Amino acid sequence: MNKALLLSIVFGLMILPGAQSQEPRVYEAPLFEEEWSTPTRYPDRIVLSLGENPATTASATWRTNTEIDTAFAEIAIATAAPKFWRNARTLKANTITFDGSEVLTAGLISNYHSVVFSDLQADTTYAYRVGDGKRWSEWIQFRTASASKTKSFSFLYVGDTQNFILELWSRLIREGYKKAPDASFIIHAGDLVNNAHREQEWQEWFDAGGWIHATLPAFPIPGNHEYRPLNATEQANRIRSLSAQWNSQFTLPQNGPEGLKETIYYMDYQDTRIIGLNSNEQYEKQTEWLEEVLASTTQKWKVVTFHHPLFSASAGRDNPKLRELWKPLFDKYKVDLVLQGHDHSYARGRVSPGENVLEGVNLRDQTGTVYVVSVSGGKMYGLRPNAWEGWEAERDRAAENTQLFQVITIAGDRLSFESYTAVGELYDAFDLVKTPNGPNQFIERKQEAIPARRFDNTIPYQDPIPEEVERMLLERHKGFEIDRVAYVKEGDSLRYRVQLEKGDEEVNLVLDNDGKILEEVIEKD
Ligand SMILES: [Fe+2]
């Protein structure tokens with residue numbers, strides 16, 4: 001070992017512990033320049049979805065600039081011989097111009113192109129590509145559902161992507177794809193982005209998932225963050241509209257009611273009916289539709305997804321109206337599994353079906369619907385202190401400060417649910433088994449998983465704030481709590497960005513490194 005190296009090791013040992021304890025590490029957030037999300041003549045943002053009958057129907061949507069006003073897709077049964085395209089058929093795409101120039105935070109004008117692939121053969125691997133006749137995407141493969149109801153299949157489910165999408169959701173979705181490479185589709189339970197219309201965030205979502213979005217069919221439903229004011233008038237009148245890009249960039253089953261199409265819809269994947277609801281608006285209209293869709297199904301399994309949970313995972317959050325409207329239907333039609341988001345933590349639990357809880361009967365033997373809340377992006381909230389007792393439900397497993405994805409496998413009479421962390425550890429598991437009459441048999445498997453994760457046994461989520469600054473802020477804004485702290489570098493200066501919360505009131509502050517307030521914005525939702 002030479003002397004210089006030895007010296008540097010000693011020096012390193014000397015400064016390292018001190019340096020770690022003195023200064024919090026400042027996170028350098030990535031800069032996203034505007035040009036990054038600008039469309040070109042080449043197809044981008046390719047996303048695949050399935051039709052109401054996924055054995056015969058799929059759809060693809062993509063984006064170009066407005067120079068490309070005619071576009072096509074080609075599709076063929078895939079074979080290992082490279083010239084499988086000899087058997088391809090060409091479909092002309094439906095092209096619409098999305099003018100985001102007047103939409104807050106959108107700003108771009110682009111063309112969206114979509115095709116519906118119909119009359120496909122069941123249980124068959126297809127390859128498709130999209131383009132304008134000259135500029136083409138790669139050939140992308142997917143597989144149709146089986147016509148047999150008994151063939152086993154898996155799908156992925158993720159909660160809110162929403163924040164730090166490119167930075168942190170990328171690793172999560174890629175880990176998910178590695179864990180379940182044969183997944184038939186992926187449910188996105190709302191809040192795919194933070195600001196409904198913001199091109200940068202959609203760009204992040206498409207870049208983070210990359211070609212996974214083009215090959216693993218998406219089943220997305222909108223969350224509250226897919227609703228934001230489109231313009232100054234809406235902003236002034238506190239009106240929020242669905243993401244301006246939503247209907248253009250997703251091509252989904254058209255079986256929802258008028259005015260809500262592509263935000264509520266269902267598909268029958270073999271013996272499972274998957275129903276997506278929109279927990280943001282027009283509840284009564286959806287409830288009527290939901291009852292029809294649940295009453296008419298002959299599928300053995302019923303899975304419902306929407307954004308706002310019936311049983312909240314996090315503190316200070318509750319959606320009583322939705323619970324009142326939808327839970328009776330989930331009970332009546334024995335919905336097996338409800339997949340939700342919104343709360344930025346993890347909770348899984350059960351209720352007993354209907355009113356028939358007899359005294360002395362263990363709730364575990366009376367399993368009705370299983371409810372799950374999960375989060376996949378980088379924003380984390382704390383768990384509520386009440387573990388659902390207040391709603392006569394039982395929360396069996398929970399997590400804080402953990403990015404998760406779920407793999408659900410349905411094989412005949414058994415549904416296996418597994419939740420994994422962003423680094424692929426099993427975090428939660430249970431099975432449901434159909435019984436001839438009555439509720440599903442519930443098999444707890446959380447004992448197979450890693451120990452429970454909470455804020456106090458994981459790397460701190462919040463940046464630290466000096467005690468005297470915290471005291472000063474809480475004195476200044478009585479009754480508020482500190483919701484978020486970010487210690488950031490702005491130019492050459494270090495700043496604290498702090499958010500305080502009290503009910504629907506919010507205070508956003510910027511403080512300098514000495515705790516002096518530089519900015520203070522008070523908002524009421
Ligand atoms: Fe949300």
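Modeller: Helix α3 is largely enclosed by the rest of the structure, because nine of its 11 residues are buried. Keep in mind that this is a predicted model.

Colleague: Which residues of α3 are buried?

Modeller: In α3 they are E199, E201, W202, Q203, E204, W205, F206, A208 and G209.

Colleague: And what covers the buried residues of α3?

Modeller: The cover includes strand β1 (44–50), plus α2 and α4.

Colleague: Okay, on to α2. Which of its residues are buried?

Modeller: For α2, that's I165, W169, L172, I173 and G176. They sit on the same side of α2, because they cover an arc of only 95° around the axis.

Colleague: What covers that set in α2?

Modeller: The cover includes β9 (153–158), α3 (199–209), α4 (212–215) and β21 (404–411).

Colleague: How far apart are the end C-alpha atoms of α2?

Modeller: They are 20 Å apart. With 15 residues (165–179) at 1.5 Å a residue, α2 should span 21 Å, so the two agree.

Colleague: Zooming out, how many helices and strands are in the chain?

Modeller: The chain has nine helices and 28 strands.

Colleague: What about its radius of gyration?

Modeller: The chain has 25 Å. A compact globule of 525 residues would be near 24 Å, so that agrees.

Colleague: And how much of the chain is buried?

Modeller: Of the 525 residues, 42% count as buried. Also, among contacts between residues at least 6 apart in sequence, 66% join residues at least 24 apart.

Definitions and conventions:
Residues are numbered from 1 along each chain as its sequence is written. This is a predicted model: local features need pLDDT of at least 70, side-chain atom pairs count only at pLDDT 80 or more; totals for chains, interfaces and linings use all residues. Helices (H or I, at least four residues) and strands (E, at least two) are DSSP runs, numbered from the N terminus. The expected span of a helix is 1.5 Å times one less than its number of residues. A residue is buried if 20 or more other C-beta atoms lie within 10 Å of its own, exposed if 12 or fewer, and partly exposed in between; C-beta atoms are placed from the backbone. The arc is that of the directions from the helix axis to the C-beta atoms. Two residues are in contact if their C-beta atoms, placed from the backbone, lie within 7 Å. The radius of gyration is taken over C-alpha atoms; the globule rule is 2.2 Å times the number of residues to the power 0.38.
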